[in-house]
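Subject: Structure handover

Hello,

Here is the structure we discussed, with notes on what turned up in it. Please read the notes with the coordinates open.

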Amino acid sequence: MTSIEQTASQSARGVAASELIAFVVMAALLVAAPFFVYPVIVMQALCFALFACAFNLLVGYVGLLSFGHAMFLGTAGYISAHAAKMWGAPPELAIAVATVWAAALGVLVGSLAIHRQGIYFAMITLALAQMIYFFCLQAPFTHGEDGIQSVPRGILIGLFDLSDDMTLYGFVLILFLAAFVLIHRTINSPFGELLKAIRENEPRAISLGYKTDRYKLAAFVLSAALSGLAGALKSIVEQNASLTDVHWAMSGEVVLMTLVGGLGTIFGPVVGAFVVVAMQSFLSQKGQWVTVIQGAVFVACVLAFRRGIIGELAHAIKRPL
């Protein structure tokens with residue numbers, strides 16, 4: 001082994017060790033969080049963190065900016081809420097059905113949009129998301145502007161009563177950590193390396209014989225499915241599903257979370273989601289000023305932390321997180 005190979009191997013081991021330490025610290029903080037903060041707020045943050053991580057998989061590692069990702073979050077929330085309330089489905093089945101729906105919708109939307117790049121891809125996803133929004137506004141089962149209220153949390157696999165906040169928190173945390181590990185594994189797999197190659201130079205990847213559209217579609221569907229999982233969990237946690245989660249503003253909000261935390265970093269979207277949810281929760285009494293404050297924070301992050309909070313931290317210690 002040459003000195004260059006040895007250096008690369010040592011660097012890879014160092015990166016893996018730092019990521020493992022960061023993951024353990026994150027998991028420990030999340031386990032302790034509900035003892036210091038109202039559990040429902042932390043669960044909401046975890047749902048948005050999963051949504052942001054799924055979005056970051058697409059934009060941060062494939063280079064595809066979607067302005068319509070709220071369609072997966074919102075419609076999966078409606079499916080999960082409807083299944084739990086109207087069909088009496090147990091929570092695990094309601095969430096599974098909603099996640100599969102989001103993946104199927106991802107196949108449809110991705111097949112239409114994936115052949116375009118840049119602003120054209122973004123505009124196609126936005127247009128399709130607006131179509132989904134107006135469908136949800138008019139569809140009878142969504143109850144229009146009233147949404148689906150009083151969604152039962154149910155009993156998980158017939159054993160765990162999710163009406164207890166701490167029990168539900170444990171379930172949400174396990175799903176979040178499992179999804180986070182899946183995203184991390186995907187990013188660091190040969191499939192993930194090819195996605196990064198497509199992001200950096202797609203014509204070069206095509207010249208090497210790769211069917212790049214297939215890989216982009218696979219990444220899009222995975223991102224859609226994980227976004228749907230986040231939406232399904234959110235409807236169970238909040239016990240409602242509404243038009244807010246399928247509105248275009250939610251697609252903009254996940255962009256904000258990702259950029260604040262750090263685009264293209266594995267832990268950045270988690271931090272960004274918690275920052276945004278914390279602002280919304282603790283500044284809710286300010287009314288419409290919350291939006292102004294969010295905008296100010298976003299501008300400050302763009303000016304002072306161009307790589308995002310985690311991106312700047314990783315750059316400072318020379319370790320990708």
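A residue is called buried when its relative accessible area is under 20%, exposed when that area is over 50%, and partly exposed in between. F23, at a relative accessible area of 21%, is therefore partly exposed. Please keep in mind that this is a predicted model.

Aromatic pairs

The whole structure contains 9 aromatic pairs. In one of them F23 stacks with F180, with 5.9 Å from centre to centre and 25 degrees between the planes. F23 belongs to helix α1 and F180 to helix α6 (residues 165-187), so this pair ties together parts of the chain that are 157 residues apart in sequence. While F23 is partly exposed, F180 has a relative accessible area of 2% and is buried.

Another of the pairs joins Y78 and F141 edge-to-face, at 6.4 Å between centres and with 75 degrees between the planes. Y78 sits in helix α3 (residues 70-85) and F141 in the loop between α5 (118-138) and β1 (155-156), so the parts tied together here are 63 residues apart in sequence. Y78 counts as buried at 1% relative accessibility, and F141 counts as partly exposed at 25%.

F23 and F180 also belong to a cluster: ring pairs link them with F176 and F267.

The largest pocket

What is the volume of the largest pocket? The value is about 300 Å³. Its lining is made up of 13 residues, and those nearest the centre of the pocket are M26, L29, L30, V270 and V271. Helices α1 (3-32), α10 and α12 each contribute at least two residues to this lining. The largest share is that of α1, with 4 residues. By residue class, the lining has 13 nonpolar residues, no polar ones and no charged ones.

Helix α12

Helix α12, one of the contributors to that lining, spans residues 308-317, and its buried residues are G308, I310, G311, E312 and A314. The cover over these buried residues includes α9 (248-261), α10 (268-282) and α11 (289-304).

Cysteines

How many disulfides are there? The count is 0. C47 is in no disulfide, and the nearest cysteine sulfur, in C53, is 12 Å away. For a disulfide the two sulfur atoms would have to be within 2.5 Å. C47 is buried, at 2% relative accessibility. For C136, the closest cysteine sulfur is that of C47, at 18 Å, which is too far for a bond. C136 is likewise buried, at 3% relative accessibility.

A102 is in helix α4 (residues 91-113) and is buried, with 0% relative accessibility. Leaving out neighbours within four places in sequence, A102 is in contact with F72, A76, A224, A225 and G228. As a distance check, the C-alpha atoms of A102 and R153 are 20 Å apart, and the two residues are separated by 51 residues along the chain.

S235 lies in helix α8 (residues 212-238) and is buried, with a relative accessible area of 2%. Not counting residues up to four places away in sequence, S235 touches G77, S80, A81, V151, N240 and A241.

Backbone angles

S150 is placed in the loop between α5 and β1 and counts as exposed at 58% relative accessibility. I157 also has a positive phi, of about 45 degrees, although it is not a glycine. I157 is found in the loop between β1 and β2 (160-161) and is exposed, at 52% relative accessibility.

Regards

Note on methods: Residues numbered from 1 in each chain as written. Predicted model: local features only at pLDDT ≥ 70, side-chain atom pairs only at ≥ 80, totals over all residues. Heavy atoms only, no water. Buried < 20%, exposed > 50% of the residue type's maximum accessible area, 1.4 Å probe, protein only. Contact = heavy atoms within 4.5 Å. 1 Å grid on protein atoms, 1.4 Å probe; cavity = no way out; pocket = protein on both sides within 12 Å on 5 of 7 lines; lining within 4 Å. Points joined across faces, edges and corners; volume = space filled by probe spheres on them. Nonpolar A, V, L, I, M, F, W, Y, C, P; charged D, E, K, R; others polar. Phe/Tyr/Trp six-rings, centres within 6.5 Å; stacked < 30°, edge-to-face > 60°.
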